[in-house]
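Here is a short report on side-chain contacts. Look over the sequence and the fold before reading on.

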Amino acid sequence: MMRTRQEDEQSRALCELSALVLNLIRSPTTPLTFSDHTPAPPSRRPMPQISPAGFASLLLGISVALMLCGSVTFFIGFMLMPWVLGLVMVFYVAGILSSLSDLGRSILCYATPPRKDIPAWKLL
């Protein structure tokens, strides 16, 4: 019950913040007049102006939202970093083992003398 009220408050605050941002972004349309003889369009109701305190709270809300998103992203990266480092180490070990097996195979193949009982034409 309490969680639902908290989610309602958060969604209401998000809606208000979105409305403020949209009101700031939306610019009033100015009629284009090419000559003095064109009739003026019907006057629109002027858009409400945002107060300096409202603008400051808008910027504060945007900066807090960005900080929270950044800290959540940092926390996820911080938690995943050991897994990434472990995977890198596994790939390094696999690469070293592969190189050692290739090196050992080349040394053993070079060190063993060719077999005498197999004719040369069967080796090709």
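Helices are DSSP runs of H or I with at least four residues, and strands are runs of E with at least two, numbered from the N terminus. The model is predicted: local features need pLDDT of at least 70, side-chain atom pairs count only at pLDDT 80 or more, and totals for chains, interfaces and linings use all residues. Residues are numbered from 1 along each chain as its sequence is written, and side-chain values use heavy atoms, without hydrogens and water.

Phe74 and Phe78 sit four residues apart in helix H2 (residues 52–111), so about one helical turn separates them. Exposed means over 50% relative accessible area, buried under 20%, and partly exposed in between (1.4 Å probe, protein chains only).

**Salt bridges**

A salt bridge puts a side-chain nitrogen of Lys or Arg within 4 Å of a carboxyl oxygen of Asp or Glu. The structure has two.

| Salt bridge | N to O distance |
|---|---|
| Arg12 and Glu16 | 3.2 Å |
| Asp102 and Arg105 | 3.4 Å |

Arg12 and Glu16 belong to helix H1 (residues 2–25), four residues apart, about one turn. Glu16 is partly exposed at 45% relative accessibility.

Asp102 and Arg105 are three residues apart in helix H2, so about one helical turn lies between them. Asp102 is partly exposed at 43%, whereas Arg105 is exposed at 52%.
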